[in-house]
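Here are a few friendly notes to read alongside the model.

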Amino acid sequence: MKKLILPVLALTYALLGFGILNTGLTDVEREMAVTELIKTRDRLTNTVKGLSEAQLNFKATPESWSVAECVEHLAISEGIIGGMLEGALQTPADPTKRDSVKMSDKALMGIITSREKKVKTGEAFEPSGKFGSSKETLKAFTAARDAHISYLKSTQDDLRNHYGQLPFGTIDGLQILLFISGHTERHVAQMEEVIAHADFPKE
């Protein structure tokens with residue numbers, strides 16, 4: 001029996017060493033996505049840092065969002081889109097569906113970060129003051145984002161072979177997290193437009 005077990009163990013270690021049995025993310029993919037999530041988290045927190053309540057709640061028009069509303073939208077979205085990933089992970093990884101992912105990471109990020117085409121958000125994503133204050137809203141966003149970063153740093157889930165659906169097509173699990181990051185980038189740019197408005201309060 002010992003003679004049979006040792007060769008099997010040796011083969012297992014060899015396969016793991018060459019990555020045949022390791023269906024998780026590559027180091028490059030993991031580092032890229034973690035860097036994106038950290039970068040957009042920090043860009044958001046730096047953008048709102050030091051803003052007064054008047055500045056946070058300023059609206060360029062009655063119909064447009066304030067900086068505070070943008071932050072709330074992102075806090076809500078972080079949870080809902082993160083739930084999409086949780087749902088995707090409920091079913092086994094399926095490499096046979098890989099061809100359904102038509103969009104590259106770069107193309108996905110280009111679409112979501114661009115502000116050329118404005119899209120009306122769904123009702124579930126609408127800001128409504130649900131967190132109670134701007135401080136609590138930012139705290140909710142940061143907590144959810146930090147949880148995503150922590151997960152991504154250590155997960156062995158095969159994110160490339162789990163899938164989610166967006167209006168423009170199928171994306172994989174890693175792309176769901178990249179979408180979250182790109183979505184933040186998009187709305188931080190919106191906040192910067194609000195801050196740059198001629199009537200934005202001086203203090």
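**Notes on helix packing and salt bridges**

1. The crossing of α6 and α7 is left-handed (the near helix is turned anticlockwise from the far one by less than a right angle). The axes of α6 (residues 134–154) and α7 (residues 173–195) come within 12 Å and cross at roughly 145°; axes are lines fitted to C-alpha atoms over the stretch in contact, with angles from 0 to 180 degrees between N-to-C directions. Helices are DSSP runs of H or I, at least four residues, and strands are E runs of at least two, numbered from the N terminus.

2. A word on the source: this is a predicted model, where local features need pLDDT of at least 70, side-chain atom pairs count only at pLDDT 80 or more, and totals for chains, interfaces and linings use all residues. Residues are numbered from 1 along each chain as its sequence is written, and side-chain values use heavy atoms, leaving out hydrogens and water.

3. On to charges: the whole structure holds 13 salt bridges (a side-chain nitrogen of Lys or Arg within 4 Å of a carboxyl oxygen of Asp or Glu). One of them pairs R160 with E29, with the closest N and O atoms 3.0 Å apart. R160 lies in the loop between α6 and β1 (163–166) and E29 in α2 (residues 27–48), 131 residues apart. Both R160 and E29 are buried (under 20% relative accessible area, 1.4 Å probe, protein chains only; exposed is over 50%, partly exposed in between).

4. Do look at R41 and D146 too, whose side chains meet in a salt bridge at 2.8 Å, N to O. This pair joins α2 to α6 across 105 residues. D146 counts as partly exposed because its relative accessibility is 33%.
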